[in-house]
Amino acid sequence: MTVLLNETLKQTSIYLPVPARIADVREMTAYEKLFTVELPEGYSLNHRPGQFVEVSVFGVGEAPISISSSPSRSNGTFELCIRRAGDLTGVLHRMKAGDTIGIRGPFGRGFPIERFRGKDLLFAPGGLGLAPLRSLINQVLDERGKYGRIMILYGARTPSDLLFTDELAEWEARDDVELHVTVDRPDENWTGNVGVITTLFPRVQVYARNTIAVVVGPPVMYRYVLIELLGKGIPEGNIWFSFERRMKCGVGKCGHCQINHLYTCQSGPSFSYAEIKNVEEAL
Amino acid sequence: MGFKIMPKAALPAWIDRLCADYRVVGPKPLHGQYIFGDIHSAEELALDYTTTVLPPKKYLLPPREELLRFEGSNAEPVIEEDAPPTVVLGVHTCDLHAIHLLDRVFEQGYADQHYRAHRENVVLVSIECLKPCSEHSFCKDMGTLSADEGFDLHLTDLGDDYAVDIGSEKGEALLEGLDAVRDATPEDYERVNHVMAEKWPRFPYRLEFDVTELPSLLAVSYHSEHWDELGERCLSCGMCTKVCPTCYCFNVVDEVDFTLSAGKRIRHWDSCQIDEFAVVAGGHNFRPTRAARQRHRFFRKGKYQWEAYGLLGCVGCGRCAQACLVHITPVDTFNELYRRRVLYTARRQEVHT
């Protein structure tokens, strides 16, 4: 019998993390590392792509981190791609395999992947946005037959900021994935596209009403990518985002992650454009 | 559940008895204002108080409380189950309504065991307000000027006696074995009816519209320039939220002891009015202006909470207005939005006729 991790919150305290072991740490870029996390015997994360966990280091604090691995590849562990951006992530970056962190979650509703079946999928990750989207992309690739075209338009600042380069190479090599990558600023070895992510959109022609677009990136990116997607005629309800907010408690109480009336940690962090187009604080 | 009569002369003996079995807190004077604080005898208690600086919320959601204690990577939750049962005396009905909202917030979805432990530990003895407590309160508008549930005991001042409504077994237990307390008679019903009928006209309506219109008024006022005007004045001090009986937003921080490996995870009150409230790692602020933060506060009070919990987020206690250094008040704000809306509608009608 395995216990679902978020069920444990109902036992003693919704704020009590479960101790989990870092099974592996992999350096990805100068700022990002990929952590493989193993829950204690008998616990299962059972997450959906797009959900997040609260990661704790006692004495330092707790922060929401999106789950980067696909449920289809769980293997008893899950992965977190973490950028060094503050106190907690700074400490995490100094941790090694074998160290213990605290985990609560998974939280949020994730992407409604059932509704994506049979559709063409256009993924538009910007920068670290690939971390949560990778969970969805790999899930989709592991049940490839259930979807139509798969297009990935990925933008990063520089070639050395590209995440999951081994997987990018795999996707590039597949006939059934259309991958386009661009960087804002090339280095001397870069032979690919140069420009912001929106410069990739003219490269793909889509059958708009059968296309689902999923966009995850820094706040500034959403408006510009949205213009491209609406310009292609993709229906508002088919455009999905995942929003970054300060989801301090994860359980709909603390108030930090509110987008107008919506608690991002409960109703999101994934939202369709149709759901939030009149929610002023969203974009 | 029942209705008793307690002579006022019996109050000191009752308080003494309560103090023997419970931690007793209630309104008492401090530096020219009133606060909720520990009570050891009836002399300290000021049941005829106006309003307190902080609401009794602090006994349910302490300004600062331990959630967890940790050592290394092991942690234990801190749930205050063996704290002494606490009687909160003299809760005004606005604050009672506020506690009702807090109950819904902390029980809905993931139930908060820390809040629940405090809540179950508290016995609420409310009191009927017979005259307005401050120039800023507008409980009559907000429908919180009385309460027929949510208390364990409820006192109504009848002159020489208190009418005591019993709201729960916890409340009833407070009266056990008190010889001075007697059952109410039909004459007592009349006395209470009379006091209630007399009290109502003493309280003014301060909103220029019916409160049921508040959520829809806000819905059409999101882009009002009035938010910018409030933002110009607001100091982002967060006092309005600190004194609010329904504000519950919090932050969670870790504190380590001298070993640097053991410590506490602390929850403390936070405020959506503070600049960094909606800042994420990397520094982006999702609510960067004071105008947007004031709007967020008023929308929570008048719309969001109503949508999420079926109760308005403002109980009309007036504390935020009292505390605000630049005189931003809910009554003025809501009325100003209403006036602008009426004016706007009138102008549109002119255009169309």
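Where in chain A is the place of N75(A)? N75(A) sits in the loop between β6 (61-66) and β7 (77-83) of chain A. The points below return to this residue after the overall picture.

1. Basis. This is a predicted model, in which local features need pLDDT of at least 70 and side-chain atom pairs count only at pLDDT 80 or more, while totals for chains, interfaces and linings use all residues. Residues are numbered from 1 along each chain as its sequence is written, chains are lettered from A and ligands numbered from 1 in the order in which they are written, and side-chain values use heavy atoms, with hydrogens and water left out.

2. Secondary structure and overall form of chain A. Chain A holds 6 helices and 17 strands; helices (H or I, at least four residues) and strands (E, at least two) are DSSP runs, numbered from the N terminus. Its radius of gyration is 18 Å, close to the 19 Å that the globule rule gives for 283 residues, so chain A is as compact as a globular protein of that length. The radius is taken over C-alpha atoms, and the rule is 2.2 Å times the number of residues to the power 0.38. Along the principal axes, the C-alpha atoms of chain A fill a box of roughly 50 × 45 × 35 Å.

3. Of its 283 residues, 59% count as buried (buried means under 20% relative accessible area, exposed over 50%, partly exposed in between, with a 1.4 Å probe and protein chains only). Among contacts (heavy atoms within 4.5 Å) between residues of chain A at least 6 apart in sequence, 71% join residues at least 24 apart.

4. Domains of chain A. The assignment, which is automatic or from a database, gives domain 1 (5-107) and domain 2 (113-242). Their contact takes 21 residues from domain 1 of chain A and 19 residues from domain 2 of chain A. The C-alpha centres of these two domains lie 25 Å apart.

5. Form of chain B. Chain B has 12 helices and 12 strands. Its radius of gyration is 22 Å, close to the 20 Å from the globule rule for 353 residues, so chain B is as compact as a globular protein of that length. The box filled by its C-alpha atoms is roughly 70 × 70 × 40 Å, taken along the principal axes.

6. Burial and contacts in chain B. Of the 353 residues of chain B, 55% count as buried. For contacts between residues at least 6 apart in sequence, the share joining residues at least 24 apart is 73% in chain B.

7. Cis peptide bonds. Most residues other than glycine have a negative phi, and most peptide bonds are trans. The bond from G105(A) to P106(A) is cis, with omega near -5 degrees, and P106(A) is found in strand β8 (residues 100-107) of chain A. The bond from G268(A) to P269(A) is also cis, with omega near -5 degrees. P269(A) is found in the loop between α5 (264-267) and β17 (270-272) of chain A.

8. Positive phi. N75(A), which is not a glycine, has a positive phi near 60 degrees, and at 73% relative accessibility N75(A) counts as exposed. In chain B, L260(B) has a positive phi of about 65 degrees although it is not a glycine. L260(B) is placed in the loop between β11 (250-256) and β12 (262-269) of chain B, and at 66% relative accessibility L260(B) counts as exposed.
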